[in-house]
Amino acid sequence: MIPNSKKTSKRLRERLVDARDGFLTGDELAQLERDVKAHNPRLWEDHLWMVKQAQKGIFSRFSDLREEQPAEGAISRFHARRQAEGGTQADLEFLVWSWFRRYVLTVGILLIVLFTGLQMGSTEETAGDTRDQMARILGGEQESIPELNHWLYEDL
């Protein structure tokens, strides 16, 4: 095993966490101390600092949370309260979809109407000159543009 490998460091850090949680016996802790000091003495100093902080620091305030179990039926009461407060109205998906419908689609339709009106107002040619417009836009010859099948557009 390589003494400074990442795998060894990771394994030792995991064992130090177990030691802080109190899962190791006295012999295992002594062996871990020797292994850590041989590998990286700084890790052992960090471990001692963390143990000291756990006794008096902020970690001690949250240490009991990992063992705290929810009260009987707490999750079902939470879902019932959520349903009573708004049900699906409070979901993020509903919120995003309602804002999308209300604002994005409305603004999009208004912009389409506005730009269509501006385009129709700015064209000086009549609707009968579609072949000339197509020739100008596509850059083709007048004779090479096929005739439109007007029967396709009778419903419009």
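Trainee: Which pattern does the chain follow, read along the sequence?

Mentor: This is a predicted model, where local features need pLDDT of at least 70, side-chain atom pairs count only at pLDDT 80 or more, and totals for chains, interfaces and linings use all residues. Residues are numbered from 1 along each chain as its sequence is written, and side-chain values use heavy atoms, with hydrogens and water left out. Helices (H or I, at least four residues) and strands (E, at least two) are DSSP runs numbered from the N terminus, and here there are seven helices and zero strands. The pattern is therefore α-α-α-α-α-α-α.

Trainee: What percentage of the 156 residues counts as buried?

Mentor: Buried means under 20% relative accessible area, exposed over 50%, and partly exposed in between (1.4 Å probe, protein chains only). For the 156 residues of the chain, the buried share is 12%.

Trainee: How far apart are the end C-alpha atoms of helix 1?

Mentor: The expected span of a helix is 1.5 Å times one less than its number of residues. With 16 residues, helix 1 should span 22 Å. The model agrees with that, as the end C-alpha atoms are apart by 23 Å.

Trainee: What arc do the buried residues of helix 1 cover around the axis?

Mentor: Thr8, Ser9, Leu12, Leu16 and Ala19 are the buried residues of helix 1. They lie on the same side of helix 1, because their arc (from the directions running from the helix axis to the C-beta atoms) is only 95°.

Trainee: Which residues are exposed on the other side of helix 2?

Mentor: Helix 2 (residues 26-39) has Leu32, Val36 and His39 buried. They cover an arc of only 65°, so they sit on the same side of helix 2. On the other side, the exposed residues are Gly26, Asp27, Arg34 and Ala38.

Trainee: At roughly what angle do the axes of helix 1 and helix 2 cross?

Mentor: Two packed helices are described by the angle between their axes and the distance between the axes. Axes are lines fitted to C-alpha atoms, for helices over the stretch in contact, with angles from 0 to 180 degrees between N-to-C directions. The axes of helix 1 (residues 6-21) and helix 2 come within 11 Å, and the crossing angle is roughly 145°.

Trainee: How many nonpolar residues does the contact of helix 1 with helix 2 have?

Mentor: Contact means heavy atoms within 4.5 Å. Residues of helix 1 including Leu12 and Leu16 meet residues of helix 2, among them Leu32 and Val36. Ala, Val, Leu, Ile, Met, Phe, Trp, Tyr, Cys and Pro count as nonpolar, Asp, Glu, Lys and Arg as charged, and the others, Gly among them, as polar. Beside three polar and three charged residues, the nonpolar ones number six.

Trainee: Which residues is His47 in contact with, leaving aside its neighbours within four places in sequence?

Mentor: His47 lies in helix 3 (residues 41-56). At 4% relative accessibility, His47 counts as buried. Beyond those neighbours, His47 is in contact with Leu16, Ala19 and Arg20.
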